Amino acid sequence: MGVPAFFRWLSMKYPSIVSHCVEKRGPILNNQGTRGPVDTTEPNPNGQEFDNLYLDMNGIIHPCTHPESKPAPKNEAEMFVAIFEYIDRLFAIIRPRRILYMAIDGVAPRAKMNQQRSRRFRAAKEAKEKHMTIERLRNELQARGAHLPPAKSEEEHFDSNCITPGTPFMARLAVALRYYIYDRLNSDPGWKNIMVFLSDANVPGEGEHKIMDFIRRQRSTPDHDANTRHCLCGADADLIMLGLATHEPYFTIIREEFKPNQPKPCELCGQIGHEMEDCVGAPKEEEVDGTPPPPASGEPDFIFIHLNVLREYLAQDLKLTGLTFEWDLERVIDDWVFMCFFVGNDFLPHLPSLEIREGAIDRLIEIYKSAVQTTGGWLTRSGKVHMDRVQLIMVELGKMEDEIFKNRRQSELNFRKRKRDNQSRDSSPSPQRMGQRPSWNTAPRGGILEPVPLGGRYGVAHPQGRYRGPSVSAAAIHQARQYHSNGSHNVDWVDRNLNNLEAATAMKAMLRPRHPGEKSSQGGPEGSALASADDGPSSNRKPRLSIEQKRGLLGGVGADAVMKSLPKDSDYDQDDVADANDEVRLWEDGWRTRYYQSKFGVDPADAPEFCIQVGKEYAKGLCWVLAYYYQGCASWDWYFPYHYAPFASDFIGIDQLDPGFDKVKTQPFRPLEQLMGVFPADSRSHVPPAWQNLMTDSDSPIIDFYPTDFKVDLNGKRYLWMGVALLPFVDEVRLLKALDERRHLLSDEEVARNVRGPDRLFCRDTHPLASALEALYSKNETDLNTNSGKLVPNSASVLDPRLTHGVSGHVWPDRQYAYLPGTRVPSGVPALLPDLKTSHTVSVCYADPSYPDGFVFPAELLKSVKLPPPTHLQPPQRGRGRGGSFRGGNNERMGRFNSQSALNYYARDSSSDRESSDRSGGNNSPSPMNRMIRHALPDSSRAGRFNRGMPPHMGSRPHSQPRHAASFPSGMCEPPYRASNNFGAPFANPYCQQYAPPRQVFNARPGFRQPGPPRPITGAFLPAWRGPNPRR
């Protein structure tokens, strides 16, 4: 679930929850920078051990198949290998000791399918428009003689919609992942003692919720270890709420560190520094083999989100006194999770009065603190909502709505004023005059070397053959030469650009520079002809909007067409366009009536009960979402039947609401049925051919489910991607009826993709569980065919928790995909990777422990848990947290720097063993942050004084000890995994003159050997595809 701005708000308010991952990288094997594997049997370099690692695989599949900041894989085989390498990297960072659980999104509940449908329709529409734009710009550039690399073939275009359960791509990915698991269990010593679970796309449920269901069911068994250390990988904001909902105190989330404003390559020329619409072609001098050089892009860093620290923060913020009932942290956390649903989730639109950027969560918390005194109890309990108490919260919020809307409008107007003031200032001075080094990663903004757009009055080549660019001064030319003289380019590079100017025009421009806002001279020989339509609209003339453009038929419908119809070089403010298309105007009196008239087509004065009904349906959705987080999917076919949310003041009569989810037992869609429910017609190539014409034939009984065009309502937002896609909801009965008539036309392969499958469990043949799993295959196969349509066969065996570190469940033979020890394993990526000659792995089908109907998973701490020690909590950071990156709660871009920043910085970069070129783009000069740290750290002349009174492992190291590949300043200690003789000792503070004794990390497990010198990498550690003779 994506909740915009939630993590940014959370990390600013609770900065200590975030820390940077320490990553030990393998040695470089060749000139291409390929790294060897890491010995994951060594202790974790982060100073804490993890038992279980859970991977929300869709968060890995998407960036590996269509990355944004680096060249995309050329084919499907390269995509699969990129996924393998990503998992390898995560495994080397976390180093789980018991379980690796990989979960791919399966068929989602109907409540989520509506959001998936919106995403895929918009993705297909944007891809189609992008393809048309690329073709148009290519034709224009080639007509002007610009050089461009060859266009991509149809086979090279990747449709991200194929990452959906039921597609052939997902079936091939499941085969590749099974092969990967076999290979790693065969070759990597770090995998030999763990159990691997794979839940592929044929297993119903979203990936993160399948993981949560596994944890819930395991912790409810008597043999579960209450002190299990969990680590979940994923970038969705709802993982934080899901982790808290488990009530497991040792829960950590790992995710990529967000770095804003990363340069992206141009879709036309492949260069960095300009948008596609501003491309002028690729320089022929840089052409090597017909393709542009790939942009330099380092691998992303990872950060930890420590939920045990977040629990401490919440215990402080939500400590209530004077209650008539006992204060309980676990119940407070559940209420906090529930209130976060109001600001955004994947199943319900957020309330109009709540925006995270406006402090919505803080406002709800304040209302909650004051209202809970009179509610007589908590809002939730183990996934059940007390709606009578929630109604009191909504009543208080409803009283504030008018003030919230007016304050929002005033803040928006203030923001626009600041933006206009910034735009009206003169162009910023050169970096040299500001005492800064210029950035070489992006093209210059302003001046004669700024990329020149094709459209508008500044065309590259005028039809009459004359350059129509802006005036150029001699000072600008001198500045441009100075700009490039310090980089990889020279003065000749600037001169070659100037040669494109007509000599007379350039001379006139240098003699008389044009002032900002001055119109182009029209006194040339062409006179008024130069001011024709070729020049585009004047900078002082705004395009006139029609009545239909100013006011949509329904809440700004057609706003997307308005935005795209505006000329690119016009100065028409998008904010003015958004205001013109906003019929509701929440900041003006009468907003409630206008809202329901515009969004629902209903006048509240004529049908007051309708508004109350929308509020009740939304309250029912809140009950569904909370149950989904705490107990599992309460109903597979429920969904919120409106595109917009009600107001808080419309939650009337919900105190007597009965959701009734437990009265009807529902089932999820099958994979191919879901495809027909979420795919647009443009993605029909991924559905069975026998069903494709149902999406395009005008006589199809469900043709209305697949509109070729649809409207996007800005809904008061500034940008198009924030709008609401107005798509018709799918009627499940009509859809299944139309599919049943053609179900007999499916091929055997398509029928196999349309089943609900089980999870799979893998372990090495030396694992204590292996012999019990191998014995399953000695049973008679007919004994396993008495399941009568059940997912779990009647004769399935129960796992012995004494062999699995307390993991329970049912297992039975996997006769379709298993390769027993001693057999040959065919390659899952035959184009790149070899077969495995001999399997050393046992795999079976697996199902979670079952519980009777009506069983409630308790949302509480287990009795045998040992809580982690308290943590020093940093105060909230100031600011709204727009952009920037979070490193241990310190925002470097805002100038905050302390000793912890230095420690995190060196622990990150030194232990990662990365070359300076990875971060500086080939420039070996230290960054400002690096220079600041080096200046603050003690130098070699003070090393002796700094080391006096310290234990030997904290100061200068004798030369007889083996050195790590990274170098450290004198007096600076090593990364944590080489910092002391005791595993888990804290990182030494270089600013502290007095040695602090090491403390024991709360989750450092006994039984691991002490860290020693790095092991040499041998052939046994190499994966099969990195062996000495991989198959090409």
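This is a predicted model: local features need pLDDT of at least 70, side-chain atom pairs count only at pLDDT 80 or more; totals for chains, interfaces and linings use all residues.
Side chains of opposite charge can pair when their charged atoms come close. The structure holds 39 salt bridges. One of them joins Arg 760 to Asp 200, with N and O 4.0 Å apart. This pair connects distant parts of the chain, 560 residues apart: Arg 760 belongs to strand β12 (residues 759–764), whereas Asp 200 is in the loop between β4 (195–199) and α6 (207–219). Both Arg 760 and Asp 200 are buried.

Other salt bridges lie within a helix. In helix α4 (residues 110–143), Arg 136 and Glu 140 are four residues apart, about one turn of the helix, and their closest N and O atoms are 3.4 Å apart. Arg 136 is partly exposed, at a relative accessible area of 42%, and Glu 140 is also partly exposed, at 25%. Helix α11 (residues 387–424) contains Lys 406 and Asp 402, again four residues apart, about one turn of the helix. The closest N and O atoms of this salt bridge are 3.4 Å apart. Lys 406 is partly exposed, with a relative accessible area of 37%, and Asp 402 is partly exposed at 27%. Elsewhere, salt bridges with shared partners join Lys 112, Arg 119, Glu 206 and Asp 346 into one network.

Arg 95, in the loop between α3 (76–94) and β3 (99–103), is buried but has no salt bridge. The nearest side chain of opposite charge, that of Glu 42, is 4.5 Å away. The side chain of Arg 95 instead reaches the backbone oxygen of Pro 43 at 3.0 Å. Beyond its neighbours within four places in sequence, Arg 95 is in contact with residues including Lys 24, Asp 39, Glu 49 and Phe 50.

How values were computed
Residues are numbered from 1 along each chain as its sequence is written. Side-chain values use heavy atoms; hydrogens and water are left out. Helices (H or I, at least four residues) and strands (E, at least two) are DSSP runs, numbered from the N terminus. Buried means under 20% relative accessible area, exposed over 50%, partly exposed in between (1.4 Å probe, protein chains only). Lys and Arg count as positive and Asp and Glu as negative; His and the chain ends are not counted. A polar contact is a pair of N or O atoms within 3.5 Å; within protein, one must be able to donate a hydrogen and the other to accept it, and residues adjacent in sequence count only if both atoms are side-chain atoms. Contact means heavy atoms within 4.5 Å.
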